[in-house]
Amino acid sequence: MFEIEGRMEAFLSRKQDAPNLPPGHMGWPLLGETIGFLKPHKSNSIGSFLQQHCSRYGRIFKSHLFGSPTIVSCDHEFNLFILQNEEKLFQVSYPKSMQGILGKYSLIIATGEIHKKLRSFAVSFIGTSKSTPEFFHLAENMSISMMDSWKSCKPVSFYKEAKKFALKIMVKEILSIKPDEPLASKILEDFETYMRGFVSLPLNIPGSAYANTVKARARLSSTVKQMIKEREQRNIVGLIERGDFLDVVLSKKSLTNDEIVSIVLDILLGGYETTATLMSLIVYFLGQAPNALENLKEEHQGIRKRKEDGEALNWEDYKKMKFTRNVICEAMRCGNVVKFLHRKALQDVKYKDILIPSGWKVFPIFTAANFDSALHKNPLEFNPWRWFDEETSKKVSPFGGGPRLCPGAELAKVEIACFLHHLVLNYRWKTKADDYPLAHPYVEFRRGLLLEIEPIGKIFGRES
């Protein structure tokens, strides 16, 4: 999202010829190179912009993006340096237009003590939830319910289905809203509008995607605030708490209502967009990799054989799903789920023989390292087996790193593992030849990931 930062921007731009800056090109006046940087490309690639710039300038180069002079890093070692020096040398710095969408207390843009406080609540609750029988029960039942609904759908628009699946699980886990309640549908509708603004021009005029996104967030905030009010009134009269995330944060009494709203929406956002995108990428890549699919199926057949008919999955089963976790991580590596992060230098930073001037933006590009042939053999190949080598995890940052490591990563893996268990045991599918993931920079599928799906037997599961 493009913005101009006035006199500070002019001051920073005068530094663009400072000694020891990496080579690069600042692009057009005002626009810089933002349009080229955001040009859509196949998700399982780095795109022509990065390819051309790395070839011409090296893996660390200067540019002018989103209205600011920027150091772009396609170097894995430097990316780790940035993540490890969060709040020391670098700080999160998203465009002001993003703040208008996310709110000032969002985990994505909050810094310092506020970020630590909010993140601790998310980490604590998610860390507890991921291994509970209740969460496995929810994830399995939602998986079976979704697959049952496919019997009358040919083809299945899977990306849309995955978004509904992921959000319904999160609203139940976070807010105790059942999937069939009208409020769940209302939240899903608002979230779909909310997400469109993340890749829109920041024009806050009636009818624009950005303005609609700001309104959608206001509606979502109002929904959560109303739930907070109802919970507080319920507690006054001594009714039993539901034990969901909202109850947990209300019981601590250390967050303002605005902070609570923000962290609830952040967790819903992560559980909705990132999880649904990753699920869809896995289904897409498995559709192109029959050997990986067969290996995955054999792992889940082995788990199912050790259980009674209809017996639910549990944490011990999940720990046995080693190849499943490899598949999840490899899809993150190949799929551009998180392409880059927005950071800025808090002071002049010297890295090897490169200078990053104070105030300049810094973009660590995760996907460039993911496809670096110096780090990975056949980097464009979807190969889950590479994750059996422990060194692979040191060469990839699929869920971020440092103090901003994704707090919901393990919960998402559990949710996806439950889904894959039922998918590979009960269905075979084909993708369309002209349907593939595109980075906008957020991942979208060209045709919504249309699948030709065919059941292969009885659906294993249990009654709701």
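Analyst: A salt bridge here is a side-chain nitrogen of Lys or Arg within 4 Å of a carboxyl oxygen of Asp or Glu. Please note that the model is predicted.

User: How many salt bridges does the structure hold?

Analyst: There are 23 salt bridges in the structure. One of them joins Glu 311 to Lys 307, with the closest N and O atoms 3.6 Å apart.

User: Is Lys 307 buried or exposed?

Analyst: Lys 307 is buried, at 11% relative accessibility, whereas Glu 311 is partly exposed at 32%.

User: What about Asp 247, which residue does its side chain meet?

Analyst: The side chain of Asp 247 meets that of Arg 231 in a salt bridge of 3.1 Å, N to O. This pair links distant parts of the chain, since Asp 247 lies in helix α11 and Arg 231 in helix α10, 16 residues apart. Buried means under 20% relative accessible area, so Asp 247 at 2% counts as buried, and so does Arg 231 at 3%.

User: Changing topic: how many residues of strand β3 are buried?

Analyst: Six of the six residues of β3, residues 68–73, are buried. Both faces are covered, with Ser 68, Thr 70 and Val 72 on one side and Pro 69, Ile 71 and Ser 73 on the other.

User: Which strands pair with β3?

Analyst: Strand β2 runs antiparallel to β3 and is joined to it by six bridges; Ile 60 has Ser 73 as its bridge partner. Strand β9 pairs with β3 in the parallel sense over four bridges, and there Val 72 is partnered with Phe 363.

Methods: Residues numbered from 1 in each chain as written. Predicted model: local features only at pLDDT ≥ 70, side-chain atom pairs only at ≥ 80, totals over all residues. Heavy atoms only, no water. Buried < 20%, exposed > 50% of the residue type's maximum accessible area, 1.4 Å probe, protein only. Helix = DSSP H or I, 4+ residues; strand = E, 2+ residues; numbered from the N terminus. Pairing = 2+ DSSP bridges.
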